[in-house]
Amino acid sequence: MHYAEVSAMSGETILIVDDEAAFLRVAGAFLSGEGYRVVTAMDDASARRAFAEAKPDLVLLDLVMPPARTPEAGLSLVAPFASAIVIVLTAHGDHEFALRAISAGAWDFLAKPVEPELLRFALSRALAKRSLEHEVARLKSERNQTGDALIGASPAMTRLKEMIRRIGAAEIPVIVLGPTGSGKERVAQALHRASARRDRPLVPIHCGAIPAELLESELFGHLRGSFTGAHTDRAGLVASANGGTLFLDEIGEMPVAMQVKLLRFLQEGIYMPVGAREPRHADARIICATHRELEAMIAAGTFREDLYYRLRGVILRAPPLEARREDIPVLAAHFLATAVKKRKLKFSPEALAWLSAQPWPGNVRELKATVECAAALTDPSHPAISIEDLSFAGRGRASPEASDETLPEATAKLERRMIGAALVATDNNHSAAARRLGVSRVGLLKMMTRLGLR
């Protein structure tokens, strides 16, 4: 016998397996009217074939099926259909077999005759569960791909993570732009983890931290005797990154002469170790980062235009902390947990609100250093880091006499601190925070919008 498709709607696909033609016709019409794509089968063989070809989201399975017409035969289909949600159909009195089906992996069971409303409810609940499972799997996959490299859920970080998800698997080069301390290397790590090269090394090199005369050897390696002090052959970072990713941090600091040699590697995949006579090959994806404006450097003649366009596959921007203030509390909590490890320490609401109100010109790097310093200096008997503890870490409050802020600037800072403290104290409940501050909820929301806290 063959299976049949009752409808071809755009919703989830349901496979009904039952040997009663009348039930198939009625149930198929009902579910089709509910918006499902329905496929039916009347015996074991056609059910297996329909499952393989239609790939249903859910299976309604009668336990008594030809040719055997025994509940055991129906139970044997539960496991092969386990990639979908299975709801078994039983006659009254077959609860023992229904429970055995549940043990075998079925989601639920329904007794015949099935009430339409009960069927609608059972399917809706089961498919909602499946949708939730898929979403959890997607989030786990995303976390496995990007790891903990990028922390934050602000709109700026959400957009950045989405771009990384979309281009991570591509082999195109990426330039990461952003101010110092904004986490450009973290973006590179996330891109590497989202790529097919994630099991191979990510090799970083800071182009401005190595003297120009040594940079070529660091990148491409050297042979013994090629220069004074070269006592042995040494593989460079390009060779170490073979099959993986080479991260060129602060590419704008690379000398022009070295840019020419890097360009050759990017164009042909070959390089020449210092002192070698034969070129060597390496396959590495290139991600670079800089806080400089490369196009301005091209105009000034300090960065090669052909190299820029070879590197510029996609440009990503790591946002400054000022553009993602919503992330400051979670970043601070993460840095604190990492710093103290086993010790129980948290921020006071006032300290957390104060951190959220600071300008942080050094971006995430400055925030991290401040939190780590405060954690180290806080009295071990204190359960929470206070604003005073942060002052010991070099981020203290200036006295009014020493401040050169305008009155509106100082007022805005105080408003941010008090609103932040109220939101922390009320678990981000706007109504409760408004009552705590003595303003209306609408007034609070307007203030948060004006202060850039929403």
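In which strand is the place of D249? D249 lies in strand β9, residues 245-249. The views below come from a predicted model.

View 1. Beyond its neighbours within four places in sequence, D249 is in contact with I205, H206, C207 and A289.

**View 2. Helix α7 is largely enclosed by the rest of the structure.** The helix spans residues 184-193, and seven of its ten residues are buried. K184 is one of them, along with V187, A188, Q189, A190, L191 and H192.

**View 3. Helix α8 packs through its buried residues.** In this helix, residues 212-220, L215, S217, L219 and F220 are buried. They pack against β8 (202-206), α9 (237-240), β9, α10 (256-268) and β10 (270-271). Just after α8, G221 takes a positive phi of about 85 degrees.

**View 4. Ring pairs link F220, F265 and Y271 into a cluster.** The model holds four aromatic pairs. In one of these, F265 and Y271 have ring centres 6.2 Å apart and planes at 80 degrees, so the pair is edge-to-face. Both F265 and Y271 are buried.

**View 5. Y308 and Y309 form an edge-to-face aromatic pair.** Their rings are 5.1 Å apart centre to centre, with 70 degrees between the planes. Y308 is buried, at a relative accessible area of 4%.

**View 6. The charged end of K112 sits over the ring of F23.** The distance to the ring centre is 4.8 Å.

Key: Residues are numbered from 1 along each chain as its sequence is written. This is a predicted model: local features need pLDDT of at least 70, side-chain atom pairs count only at pLDDT 80 or more; totals for chains, interfaces and linings use all residues. Side-chain values use heavy atoms; hydrogens and water are left out. Helices (H or I, at least four residues) and strands (E, at least two) are DSSP runs, numbered from the N terminus. Contact means heavy atoms within 4.5 Å. Buried means under 20% relative accessible area, exposed over 50%, partly exposed in between (1.4 Å probe, protein chains only). Rings of Phe, Tyr and Trp (its six-membered ring) pair if their centres lie within 6.5 Å; planes under 30 degrees apart count as stacked, over 60 as edge-to-face and the rest as tilted. A charge sits over a ring if NZ of Lys or CZ of Arg is within 6 Å of the ring centre and within 35 degrees of the ring normal.
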